[in-house]
Every structure is written in structure tokens, then in C-alpha cells.
Amino acid sequence: MTTRKDAEHISILQGTLDLLILKTLVFGPCHGQGIARNIRRQSEEVFFVDHGSLYLALQRLEDKKLISAKWGVSENNRKARFYSLSAKGREHLTEKTSEWRRLTRAMALILGGAAAPEGEEG
Amino acid sequence: MFRRKRSAKDFTDEVQAHLQFEADELEAEGLTQQEAYRRARAAFGSVAAAEERFRLRGRVQWFDNLGRDFKFALRQLARNPSFAAVAIFVLTLGIGAAMAIFAFADAALLEPLPYADPNRLMSVNESSASTPRWPLSYPDFVDWQRMNKSFSSLAAYSGTGFLLRTASGLESIQAERVSGGFFRTLGVEPIMGRDFAPDENRLGGPNVVLLSYRTWLNRFEARRAAVGSTVDLDGKAFAVIGVLPPSFSFGPAGNVEFWTPINSLSFHEHSRDFYSFWGIGRLRDGVSLQTARAEMNSIADVLQRQYGTRSFNLAASVVPLSEVIVGDVRPSLMALLGGALLLLLIACVNVGSLVLARSESRRREIAVRAALGAPRARLVQQFVTEGLLLAVLGCLGGLLATVGFIRLLGALVPKDMSAKMPFLEGVHQNLHTCALAIGICVLAAILIAATPILRLSQQRGRDSLVEGDRGAVSRFWRRMGSNLVVVELAIAVVLLASGGLLARSLYSLLHVRLGFDVRPLATVQISLAAGAGVGTQYSEILRRVQQLPGVQAAGLTSRLPVQCDCNTDSIKVIGKPELVGENEVDERHVSPGYLPAIAASLVRGRFFTDADDSSKQGVAIINASLARKYFPNRDPIGQRYTNTEGGHLSTWEVVGEIEDVHEGQLDVPAAPAEYFPLQPTIERGFTLVVRTAQNPAAILPSITATLRQIGDGIAVSNEITMEDAIDSTQAAVLHRFSAWLIGGFAAAALILSVVGLYGVIAYSVRQRRREIGVRIALGAQRGAIYALVLTQAGWLIGAGLAIGLFGSFSAARLLRNLLFGVSTRDPLTLSGVSALLAIVALIAAFLPARRAASVDPAEVLRAE
């Protein structure tokens with residue numbers, strides 16, 4: 001929908017990086033660089049992940065046992081630390097996703113006036 | 001569960017892997033390997049920064065939060081300065097009092113005596129049925145020393161006095177005669193010079209002295225040459241052979257300036273039944289107290305059989321030396337410590353309930369923060385920070401207050417007494433008190449922080465958002481707050497009851513029938529130099545003093561009343577069997593004018609006259625106790641009894657009987673006492689007692705001046721009024737000390753608990769305004785509203801009183817050693833205390849009740 005110039009990255013909202021990482025991992029284990037790349041591509045290059053923050057977030061999620069990490073070998077035979085979603089992480093993701101939906105809907109209702117996307121008066 | 005923390009190396013590896021992937025991708029897009037790697041690095045940003053952030057992760061956040069919480073807590077306190085001030089003041093008071101008392105208790109009871117291996121030091125004496133510690137006679141001491149196997153060393157000491165010749169005339173000073181090995185037994189060595197040598201300890205040895213450190217400083221200007229110089233004591237030259245260390249003091253001896261060996265004995269001291277020496281001993285390794293006691297008892301028994309001194313019925317007493325030094329003050333200190341801890345508890349509870357009340361009014365804030373996603377741990381951390389901040393501020397205040405309190409308490413102890421309690425010099429902050437301070441602060445912080453945390457877990461944040469300030473009273477706080485107030489009230493009752501009992505004891509003590517007129521008396525201690533004309537000096541002293549304006553009468557006595565049942569004499573009534581172990585009576589030598597001057601009342605017979613002197617047959621005046629005990633149902637006048645004055649049997653005829661003059665300490669009953677005419681040729685030290693028309697303190701300087709005019713052979717000391725002399729006796733001081741302090745604690749506790757009660761009731765009324773408004777609107781009378789509030793208060797007060805009175809019984813039992821002339825369950829005290837607390841508490845509850853009754857229903861309901 002938006003016409004995007006190359007430099008038009010949006011910094012990721014505080015607290016949402018965790019959610020993005022978890023979502024990325026739904027599709028299977030991935031290493032840090034892969035996660036960053038996926039977030040960038042999936043957001044159509046809007047979100048540009050700060051790598052320092054990324055690895056800190058990964059560590060935080062690991063500490064909370066929402067994801068687990070293991071050293072492995074990639075398809076092109078490089079050693080990498082692979083992250084995968086834990087059951088707890090999956091649950092957390094579901095919960096946070098619905099929370100996020102409610103939030104964005106409410107934001108849209110206010111910002112977009114009556115022309116809120118999908119459904120009105122709840 | 002516990003996982004090894006991820007290493008920094010592992011993290012670096014991961015970053016390297018990342019860069020590798022990035023470079024791989026760029027290379028696939030056609031860049032050279034080198035360029036790809038460079039771009040990958042550039043895209044990543046600072047690797048070092050990422051690694052640094054990894055290393056600091058967690059820590060930074062925690063510090064951030066702590067700093068934020070701390071600032072927030074400070075802001076909270078600043079926003080509510082009265083809350084902060086009250087809380088900090090209450091903590092300061094509680095902690096300061098507890099710490100100061102503990103510092104004293106620590107110095108007296110916990111700190112070891114300043115001697116080598118003090119646990120092995122024993123006080124070794126004789127003991128009679130009525131007096132557990134009875135002095136030794138010199139021959140007994142020598143035999144005990146020779147015969148015992150329990151002690152590695154046994155030594156004796158005996159107080160004495162000398163007239164020291166100084167540049168400004170004669171001065172009466174305190175000295176102690178000690179047997180050889182006294183200092184070795186204690187493990188004390190002179191810092192200069194040497195200890196007594198064996199030949200100096202033998203009878204007939206040379207005149208030598210050791211100086212106390214203070215004496216060396218004050219009288220010898222701390223000159224090294226002091227050792228080797230001579231001093232003039234009682235007109236004889238004594239060689240100074242050494243100086244004792246500054247830390248050395250020996251409580252039982254008091255404020256001693258000079259120490260001399262026992263190398264000459266007085267006439268009496270040679271006899272086996274003249275008891276005037278005290279013993280100390282060091283237990284041999286491996287010998288227990290019981291073993292030593294048993295051995296000394298059997299030795300005492302053997303000697304009594306051998307020398308026929310069984311009439312005294314003495315056993316041996318072996319008790320730890322520390323018992324002798326601190327035993328008298330232990331009950332007082334324990335009581336004070338208990339009182340201080342109760343006060344501290346009440347202070348913490350009070351601050352806890354203050355915090356609780358405030359957390360109650362912050363419920364919405366907490367709920368909002370919880371709803372905004374603050375995890376519980378963060379909320380808890382916030383409260384802990386606030387509690388810590390309050391506790392730390394309170395502790396700082398407490399520490400400052402401690403210094404002041406210690407100084408204040410120290411100043412309350414009279415000088416004479418503090419010399420007997422050298423441990424008081426050691427009252428200061430040390431490891432024990434620091435440990436206690438930290439303990440108290442941690443405890444206070446926990447108490448203060450725990451109350452709102454408990455509250456936090458009791459309730460889901462969400463409920464309070466819905467409930468808001470309105471609706472039902474928060475049941476939790478009412479229950480919790482009420483319980484806390486009951487605890488406070490109960491503690492206040494315990495302290496008030498203890499304070500009341502102690503105050504009554506003090507009152508009884510100060511109103512003991514003394515048998516003489518205290519108010520108008522001034523006293524001065526006089527020592528005469530040996531030599532010719534001593535006899536005439538007595539009459540000269542009395543004549544000159546009686547001529548002073550304002551003096552009504554004057555007399556001399558060998559010992560002031562109300563000091564001590566010592567200087568006793570063993571008597572036997574002619575024609576009656578000896579009472580085994582009960583022949584001791586107080587013996588006083590008085591001038592003819594003494595008994596009339598102090599206004600002793602004559603029961604029958606007569607006072608002494610100038611005609612009664614030692615040249616005639618002995619005459620005696622006895623007191624009523626002696627008459628009752630030894631001459632029951634008989635007129636004692638004209639009766640005769642004997643004693644052994646200096647080993648010779650003497651006979652005395654009773655010429656008068658007086659009402660008991662209280663010779664011993666206030667807290668012991670009056671003992672039998674006999675009065676003999678003063679023997680001017682023998683007695684060289686005595687006390688002048690002067691009856692004045694005006695304030696006795698005012699005449700003391702002119703008495704001293706007059707005495708000095710008589711001649712330079714007179715030393716004057718201890719100028720004091722009789723009233724002050726009695727007030728500074730140990731019994732009076734200890735009772736006054738505990739009564740005032742516990743009374744002070746009780747007053748503080750009363751105020752704190754009543755303020756606490758006010759807080760609870762006022763809060764509850766504020767919360768119930770709507771309910772009360774509805775009640776009034778529905779026709780409830782004002783009286784009913786008063787009843788509603790006061791009933792709630794009544795229950796709390798009643799519960800506090802009931803628990804408190806129950807606790808008072810136990811407290812009074814613990815205090816019974818300190819009570820005098822009052823029962824532990826004195827109904828007057830207990831009912832008075834209960835009434836006081838109930839009235840003050842009801843007044844505190846009445847204020848919010850009035851506010852409740854004046855609620856305007858229209859206003860309250862409209863506000864909805």
C-alpha cells in the first residue's frame with residue numbers, strides 16, 4: 001500500500017521485536033542472520049533490524065525459555081547457532097498476536113475514523 | 001534447573017557466523033569476497049558495541065530500575081513529608097533507644113572482662129547463710145592459698161585509704177592492698193616498672209606502691225621519672241615501683257589510685273575471725289567450678305574445726321568474677337534491654353502500619369501500573385526500595401540518636417558508681433553493636449517492605465481498578481491494621497505496667513523509714529594524720545563547726561547511714577546461748593552529739609554524753625532491731641553483752657535504745673546495729689555530719705574552709721548533703737535508672753500505640769463515610785454513630801488491654817528482682833495503667849467518631 005523509498009525504514013516499536021522473532025521461528029529453526037533477513041523481507045524492507053538489539057532480544061527470549069538455541073550446520077555447511085520455538089514460546093506468540101490485533105484495530109478505529117478495516121462496532 | 005551462563009566467546013562466535021552468512025549472500029550477488037565481508041561488517045554495525053551490550057545485558061536494566069525506584073521512592077517521601085518525618089522519627093527513636101541500651105548491656109554482659117582468660121577467674125570468699133559473699137580473714141586466706149589444689153593462683157585484696165601529702169596539703173586517697181600474685185592472677189602487667197617482688201609481699205616488707213595509670217597522669221604528669229620516686233602516704237615514704245596499664249581497672253576496688261602489697265597487718269587482721277579481705281583465684285586448667293567449690297568448702301570446714309570459728313557457720317563461695325562485677329546491674333540491664341526491644345517492635349509495627357495505610361491509598365496507582373504491564377516483581381521491588389529507603393534513613397537517625405542516648409545514660413550514672421562499674425567506660429560502638437545495628441535495620445526494612453507486599457499478593461491488581469476508592473471498606477486493611485494496633489496497644493500496656501511497678505518501687509524505696517532526719521544534713525569525710533593531738537582535734541573540729549552560722553548541731557560517725565551493712569561486729573549476749581551464724585550486727589562509732597544531730601529517736605535509756613569515753617567501762621546504744629532480736633521481751637537497758645574487739649573479750653552495757661536508723665542500702669531491711677562512743681585515739685577517719693538551719697548544700701564550702709583552718713593534718717573529702725549521698729547509693733541509682741528509662745519507654749509506647757489506634761479508626765471512618773451517610777439519612781441518631789465507631793475502637797482497646805495485662809504478669813515476674821515494696825500483680829498499678837491507656841485511647845478514637853457523627857448525609861450521597 002505504501003510507496004516506499006529505499007531509505008524509508010521504520011524503527012521497530014519497542015517490545016515488538018520479540019513478537020517478530022517468535023513469528024519468524026514458527027516456520028522452523030533459524031539462525032540470527034536468517035531471522036533478521038526474514039523480518040526485513042517479510043516487512044517488505046520496512047523493518048530493518050538493528051543487529052545488536054536482535055541478539056540481545058534472542059538472548060532474552062532464550063532466558064525466558066520461549067526459544068531454545070543449538071549450534072548446528074547450515075545448508076551451505078556453515079556453523080551457526082540455530083534458534084527454535086518452544087511450546088511456551090508458541091503459546092506466548094498466540095497470546096501476544098491476539099493482543100496486537102486488538103491494539104492495531106483500536107488504533108485503526110481511532111486513526112481511520114469510521115473506515116476501520118474489517119468490521120465495526122464490536 | 002541452573003544452566004551455565006552463556007560465555008562471551010560463544011556470543012562472539014555467533015556474531016562471526018552472522019557476518020559469514022551476510023558475506024555469503026553478498027558474494028552470491030556478485031561482490032568480491034573481500035568487499036562482501038566489508039559490507040557485511042558495515043551493515044552489522046559495531047561488533048564491539050553488540051558484545052558490550054551482551055555482556056551488560058540484565059545488569060544495566062536492573063541498575064536502571066533500582067535507580068528509577070530509588071528516585072521514585074525519594075519523590076514519594078518528599079511528596080508526603082509528614083509521613084516521611086513521622087516514620088523516620090519513630091524509627092530513630094526506637095532504634096536509638098534499643099542500640100544505646102544494647103551498647104550498655106554489651107559492655108556489661110557480653111564484653112569479656114579486660115583480664116587474661118577472664119572465664120577462669122573466680123571470686124573466692126567465705127559465705128554465710130545471710131551473706132553469700134563474706135570476706136576472708138587473713139589467716140584463713142593464707143591457709144586457703146596453701147591448701148587448695150584447684151587454683152593456679154589465689155590472691156587477696158582489701159580496700160584502704162591513705163593521706164597523701166601533696167603540695168597543697170593532705171589529701172585523702174583510695175588505695176588497695178593486694179597480696180603478691182594479685183596482678184599475676186588477673187594477667188595484668190605494669191606498663192612501666194615492675195610488679196611486686198616476693199620480698200615486698202612478705203610481712204615486714206618495704207613500703208612500695210604501684211600507680212594506677214590515671215594517678216600517673218594526674219599526679220605525676222606522666223613523667224618517666226615517676227618510677228623510682230617516692231610518695232608520702234600517711235607520713236611514710238613509699239617507693240613507686242611501677243605504673244599499671246591504662247586499660248586496667250578492677251571494679252570491686254572502685255576508683256583506686258595506689259596499690260600496695262599486704263606486707264603489714266593491723267592488730268585485728270592477725271585474728272582468724274576478723275574478716276576484711278576479698279579473694280580472687282584463677283582456676284587451674286581442667287578444674288571445674290564445682291570441683292573448686294567443693295574443695296574450698298572442705299578446706300573451710302577443716303579450718304573452722306581446727307580453730308573453733310564455727311560460730312560464724314561460714315562456707316566457701318566460689319563464683320565467676322564477672323558475676324561479682326556485673327551481677328548487680330544485670331537485672332536492670334536485662335529489663336532495660338527488654339523494654340527497649342519492645343519499644344523498637346512497637347516503632348517498627350507503627351511504621352509498618354503507616355506504610356500499609358499509605359499503600360492502601362495507593363491502591364489505584366498500583367492497579368494502574370499492574371494493568372500497564374508492570375510485572376509483580378517490579379512492583380515488589382518498588383516497595384522494597386521504599387521500605388529500604390525508610391529503614392536506612394531511620395537507621396541513620398537511630399545511629400546518631402544512639403550516640404546522644406549513650407552520653408545521656410552515661411551522665412545519669414553517678415561518678416562513684418561508675419568507678420565500681422569500669423565496664424561503663426567500654427560503652428561504645430563495636431562489632432556486637434554494629435552487627436545488631438545491621439540486624440535491626442534489615443529487620444525494620446523487611447517489616448516495612450513486607451506489609452505492602454503482603455497486601456499486594458492478597459489482591460489482584462484488576463479488582464481495585466474496578467472497585468476504586470468507593471464501595472466497601474477494604475477488609476484487608478481493616479483486619480491487618482487492626483491486628484497491628486492490638487499488638488501495639490498490648491506492648492504499650494506491658495511497658496506501662498512495668499514502668500508503673502518500677503516507679504512504685506522507686507517511690508517505696510525513697511520512702512523507706514530511715515529513722516532520722518535527712519533533709520537538713522550536710523556530711524564531710526575527714527581523715528586525720530597520725531601523730532600527737534589526734535584526740536584533741538576531734539573536739540576542736542566539733543567546736544569550730546558548731547560555731548558556724550546556720551549550724552544547729554554536729555556529730556561524728558565512723559560510717560554514714562544508708563550506705564552499707566558493713567563494718568559488722570559479732571556479739572554474744574551474756575547468759576544466752578550463741579546464735580550460730582547470726583551474731584553479726586552493724587557496728588558504728590559515734591560522737592555523743594551524732595545521734596541527736598541526725599534526730600534519731602530514743603526509745604528508752606539515754607544518748608551518749610561527753611563522759612562516756614573509752615577510759616570507762618564500755619557503754620553501747622542499740623537499735624530496736626537489735627533489741628528485738630537479742631533481748632526479746634526484756635528491757636535491754638542495763639543488759640550486757642560481749643564482743644571480741646581485736647581478739648580480746650570486751651563487755652558492753654546497753655545504756656540506750658533508739659528506733660532503727662537505716663544503716664544498710666535502701667532495698668534491704670534495717671539490720672540490728674550497735675553504737676559505741678568514738679575512740680579518738682584509734683579512729684583516724686570518720687564522717688562529720690552537720691545539721692543546718694538552711695540549705696545544707698550551701699554550708700558545705702564554709703565547713704571545708706573551717707576544717708582546713710584547723711591545721712594541715714586534716715584531709716577533707718566527699719563533701720555532700722545527706723540527701724545526695726543517699727540518692728547516689730547503688731540501690732537508689734539502679735531503681736531510679738530503671739524506673740525513669742522504662743517509664744520513658746512506656747510513655748513513648750503509649751503515644752505511638754494511641755497514634756496508631758487513631759490512624760486505624762480515622763481511616764476506617766473515612767472509608768465508611770458513605771455507609772454512615774446512608775445510616776444518618778435513614779434516621780440513625782448521632783449517638784448511634786458514636787456508638788458504632790467507639791465500639792470498634794472499644795474492641796481493639798479491650799483486646800490490647802487483655803493481651804497486655806496477661807503479658808504484664810510475665811513481665812513483672814521477670815522484673816521481680818527490681819521490684820521493692822510492691823507486688824508483681826499490684827492491683828493499683830495494673831488498674832491505673834489500664835485506665836490510663838483506655839482513657840487516652842478512647843480520646844484518640846473519639847476524634848474520628850465525632851467526625852463520623854458530623855457527616856452530612858446530603859453531601860456524601862450527592863458526591864456519588
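Predicted model: local features only at pLDDT ≥ 70, side-chain atom pairs only at ≥ 80, totals over all residues.
Residues are numbered from 1 along each chain as its sequence is written, and chains are lettered from A and ligands numbered from 1 in the order in which they are written.

Chain B contains 28 helices and 22 strands (DSSP runs numbered from the N terminus, H or I of at least four residues for helices and E of at least two for strands). Of its 864 residues, 42% are buried, that is, 20 or more other C-beta atoms, placed from the backbone, lie within 10 Å of their own. Among contacts in chain B (C-beta atoms within 7 Å) between residues at least 6 apart in sequence, 83% join residues at least 24 apart.

Strand β3 of chain B, residues 151-166, has two partners described here; strands pair if DSSP finds at least two bridges between them. With β4(B), residues 169-178, β3(B) runs antiparallel through 10 bridges, and B:Leu163 stands opposite B:Ser172. Two residues separate these strands in a hairpin. Six bridges join β3(B) to β10(B), residues 275-283, also antiparallel, with B:Ala156 opposite B:Gly279.

The largest nonpolar core has 228 residues; such a core is a set of buried Ala, Val, Leu, Ile, Met, Phe, Trp, Tyr and Cys residues joined through C-beta atoms within 7 Å. B:Leu343, B:Leu489, B:Ala749 and B:Leu757 touch the most other members. Beyond its neighbours within four places in sequence, B:Ala749 contacts B:Leu342, B:Leu343, B:Ile346, B:Ile491, B:Ala492 and B:Leu495. Another core, of 21 residues, lies apart from the largest one and includes A:Leu17, A:Ile39, A:Val49 and A:Tyr55.

Notes. Buried ≥ 20, exposed ≤ 12 C-beta atoms within 10 Å, placed from the backbone. Contact = placed C-beta atoms within 7 Å.
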